[in-house]
Amino acid sequence: MADTPPPADVTVPGPGDGVHGPDAAQVAQRLATVRARVAGACRAAGRPVDAVQVLLASKTMTADAVRAALHADAAARAAGSGTAPVLLGENRVQELVAKAPALTDLAPRWHVIGPLQSNKVNAALRWAAAVESVADEDLARRLSDRVAGRADPLDVWVQVNVSGEPTKHGTTPTEAVDVAVRVAALPGLRLAGLMTVGAHSPDADVVRAGYRLLATLRDDVVASGAPGTAHAGGLSMGMSRDLELAVAEGATVVRVGTAVFGSRPAPTSTAAA
Ligand SMILES: *Cc1c(COP(=O)(O)O)cnc(C)c1O
């Protein structure tokens, strides 16, 4: 076995290549394209171009690929892009804890954007500045307990399943305002807004209607005047394929993965967070 030469078609990563990561120039180019798409969508919607933050969803990507994106973002801002720094998002706590320590020198803001099991809360909170995937009051209470005594509140977003697709995480639209109001009242948490993963549909009207629904629910949360809802104006919605639709409906954060990092390896069968 050890004496068998590798097959001729095996490509050996060159120096500086992330094993599963795209090259840095490609990442920079793609990030610029995403920024241009966001700016174009803001202009089309009559919204200021700095109204939307870009979150990079880095699942399955190496820390090197994420580093390349952070460097490209810093370079664009140094050249006067006027954009806020990108946010980073991880779905799985094990990926967060693997990548975050390698990037501390760049001080990125990490958001948890996938379902968070209670036994992973402590690990997540070591690195996460925000949890966008709060789907019930139980998780919010656990987060509230763990951040008690911190000087700064933890940003939380209530995730809503606007499409009703059974595979999607989140509260139902019917329960969403109630859950958000209860989450907003918990000590140590700051409700930043609502988050959703849009419908997986080729029909732009269907996708857009879901985003409009999330905006309406957000309006209801803020209009409730309930304690802690004053800063809940955020809308985290829109991904690589549909960010223009989300920006048109008022997204304040778009979460982009493949448009910046390229396609991901095929998912494995064990996808537990
Ligand atoms: C992967 C992911 C994204 C980004 O999806 P792309 O299609 O790669 O842009 C956004 N939000 C969540 C919750 C994700 O898991």
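User: Between which strand and which helix is the loop where Lys-59 is found?

Analyst: This is a predicted model. In it, the loop holding Lys-59 runs between strand E1 (53-57) and helix H2 (63-78). The unreviewed UniProt entry annotates Lys-59 as "modified residue: N6-(pyridoxal phosphate)lysine"; such annotations may be inferred rather than shown by experiment.

User: Why does Lys-59 count as partly exposed?

Analyst: The general idea is to count C-beta atoms within 10 Å: 20 or more means buried, 12 or fewer means exposed, and anything in between is partly exposed. Lys-59 has 17 other C-beta atoms in that range, so it is partly exposed.

User: Which residues is Lys-59 in contact with, leaving aside neighbours within four places in sequence?

Analyst: Its contacts are Glu-90, Asn-91, Arg-92, Glu-95, Gly-257 and Arg-264. Gly-257 is also one of the residues that come nearest to the ligand.

User: How many bridges join E1 to E8, and do they run parallel or antiparallel?

Analyst: Four bridges join them, and the two strands are parallel. Within this pairing, Leu-55 stands opposite Arg-255.

User: How many residues has the largest nonpolar core, and which have the most contacts inside it?

Analyst: That core has 74 residues, and the most contacts inside it belong to Leu-55, Ala-69, Val-156, Ala-180, Val-183, Leu-194 and Val-254. Helix H6 (residues 173-184) gives the most to this core, namely seven residues. Taking Val-183 as a case, and setting aside neighbours within four places in sequence, its contacts are Val-134, Glu-137, Ala-140, Val-156, Val-158, Leu-189 and Leu-191.

User: Where is Trp-127, and is it buried or exposed?

Analyst: Trp-127 is in helix H4 (residues 121-127). It counts as buried because 20 C-beta neighbours fall inside 10 Å. Not counting residues up to four places away in sequence, Trp-127 touches Leu-96, Val-97, Ala-100 and Trp-110. Leu-96 and Trp-127 are 31 residues apart in sequence, with 7.5 Å from C-alpha to C-alpha.

User: Which residues other than glycine have a positive phi?

Analyst: Thr-60 is one of them, with phi of about 70 degrees. Thr-60 lies in the loop between E1 and H2 and is partly exposed, with 19 other C-beta atoms within 10 Å. Ala-107 is another case, its phi being near 45 degrees. The loop holding Ala-107 is between helix H3 (93-99) and strand E3 (110-112). Ala-107 has 8 C-beta neighbours inside 10 Å, so it counts as exposed.

User: What does the secondary structure of the chain come to, and how many residues count as buried as a percentage?

Analyst: The chain has nine helices and eight strands. Of its 273 residues, 41% count as buried. Among contacts between residues at least 6 apart in sequence, 65% join residues at least 24 apart.

Terms used: Residues numbered from 1 in each chain as written. Predicted model: local features only at pLDDT ≥ 70, side-chain atom pairs only at ≥ 80, totals over all residues. Near = placed C-beta within 6 Å. Core = buried A, V, L, I, M, F, W, Y, C linked by C-beta atoms within 7 Å. Contact = placed C-beta atoms within 7 Å. Pairing = 2+ DSSP bridges.
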